[in-house]
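Here are some notes for a colleague who is opening this structure for the first time. Please read them with the display in view.

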Amino acid sequence: MSDYRTLPVPDGLDGMRVDAGLAKLLGLSRTVVAALTESGGVVLDGHPAGKSDRLVAGAWLEVTLPEPERPVQVQAIAVAGLEVLHEDDDIIVVDKPVGVAVHPSPGWTGPTVVGGLAAAGVRIATSGAAERQGVVHRLDVGTTGVMVVAKSEHAYSVLKQAFKDRTVDKLYHALVQGHPDPIKGTIDAPIDRHPKHDYKFAVMANGKPSITHYEVVEAFRAASLLDVHLETGRTHQIRVHFSALRHPCVGDLTYGADPVLAKRLGVARQWLHARTLGFHHPADGRWVEFTSEYPQDLAAALELLRAEG
């Protein structure tokens with residue numbers, strides 16, 4: 001059954017957009033609130049409200065919430081190309097191939113890392129939401145490379161805290177268009193959901209703090225290969241930051257990459273690879289580090305650039 005709520009707009013939300021204000025008030029995503037407004041589920045002082053309308057303190061708010069979605073279930077389905085780099089009683093480190101999500105989510109029907117591990121008989125931690133138990137960090141569907149999943153509850157707790165405390169060393173390799181200037185630097189720019197496109201993120205003044213360190217390690221005529229260290233771990237962080245600098249990842253059409261260059265290099269997704277992951281092992285605190293080799297499509301693009309001189 002749907003949930004119907006009525007209440008006055010709190011003073012703290014005065015002047016905010018309906019989607020942002022209700023997201024904060026009700027703990028929903030702005031995408032969900034936008035869908036509610038489109039269906040007429042948000043009424044202000046007797047009039048249907050649009051997502052970009054402004055809230056007024058004291059105005060009478062009526063919201064009809066949809067029936068909660070059932071948790072997405074993990075399907076134990078083998079994942080081609082999902083390579084195990086290391087496994088012990090506490091953790092499993094994998095090399096994620098392209099086109100694979102880390103865990104199930106509404107609308108995603110493709111393969112997942114947790115589903116692939118389940119199909120391989122790997123038991124992972126039960127901590128976390130049902131569909132992403134054991135998951136302590138994520139990679140985009142179109143991003144390849146190394147990631148760790150917790151097998152024990154102790155490892156889940158320790159690793160979640162390590163990512164929160166930023167003691168994990170996350171090194172990515174990114175091939176970006178053009179030549180960043182300076183060749184070594186830090187991008188400190190807050191990120192939030194894009195104001196017009198819910199599937200994208202953008203540098204926004206009121207976004208979450210986001211810090212990316214980079215260094216050019218190889219330069220070509222049309223692009224540069226970068227070492228990228230993430231201090232924070234926002235969704236799409238590397239893609240958003242370099243797009244904002246007008247040096248998007250090669251092949252990342254979502255964030256403004258040149259489709260002609262992407263086609264010439266045979267890249268059908270963002271050229272972005274989680275190269276190395278280092279952290280203190282949750283069992284004994286020793287420093288461990290794991291590296292993922294480039295997949296065929298990314299390696300081939302680099303060879304083409306090198307051949308051009």
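1. Strands here are DSSP runs of E of at least two residues, numbered from the N terminus. On that basis Ile 191 belongs to strand β10, which covers residues 191-193. The model is a predicted one.

2. Ile 191 has a relative accessible area of 4%, and so it counts as buried, the cut-off being under 20%. Leaving aside residues up to four places away in sequence, Ile 191 touches residues including Phe 201, Val 203, Met 204, Arg 234, Val 240 and His 241. Thr 254 is 63 residues from Ile 191 along the chain, and their C-alpha atoms are 16 Å apart.

3. Strand β2 (residues 42-44) is joined to β3 by 2 bridges, and Val 43 has Pro 48 as its bridge partner in β3.

4. Helix α4 (residues 153-165) has 13 residues, which at 1.5 Å a residue should span 18 Å; the end C-alpha atoms are 18 Å apart, in agreement. Its residues Ala 155, Tyr 156, Leu 159, Ala 162 and Phe 163 are buried. They cover an arc of only 135 degrees around the axis, so they sit on the same side of α4. The elements covering them include β6 (91-96), β7 (144-150), β8 (169-177) and β14 (272-280). After α4 comes Arg 166, with a positive phi near 65 degrees.

5. The whole structure holds 12 salt bridges. One of them joins Asp 140 and Arg 239, with the closest N and O atoms 3.1 Å apart. Asp 140 is in the loop between α3 (113-119) and β7, while Arg 239 is in helix α5 (residues 237-244), so the pair ties together parts 99 residues apart in sequence. Arg 239 is buried, at 7% relative accessible area.

6. Asp 297 and Arg 269 also form a salt bridge, at 2.9 Å between the closest N and O atoms. Asp 297 lies in helix α7 (residues 296-308) and Arg 269 in the loop between α6 (259-265) and β14. Arg 269 is buried, at 8% relative accessibility.

7. Glu 293 and Arg 275 meet in a salt bridge of 3.5 Å, N to O. Glu 293 is exposed, at 55% relative accessible area, whereas Arg 275 is buried, at 18%.

Methods: Residues numbered from 1 in each chain as written. Predicted model: local features only at pLDDT ≥ 70, side-chain atom pairs only at ≥ 80, totals over all residues. Heavy atoms only, no water. Pairing = 2+ DSSP bridges. Helix = DSSP H or I, 4+ residues; strand = E, 2+ residues; numbered from the N terminus. Expected span 1.5 Å × (residues − 1). Buried < 20%, exposed > 50% of the residue type's maximum accessible area, 1.4 Å probe, protein only. Arc of directions from axis to C-beta. Contact = heavy atoms within 4.5 Å. Salt bridge = Lys/Arg side-chain N within 4 Å of Asp/Glu carboxyl O.
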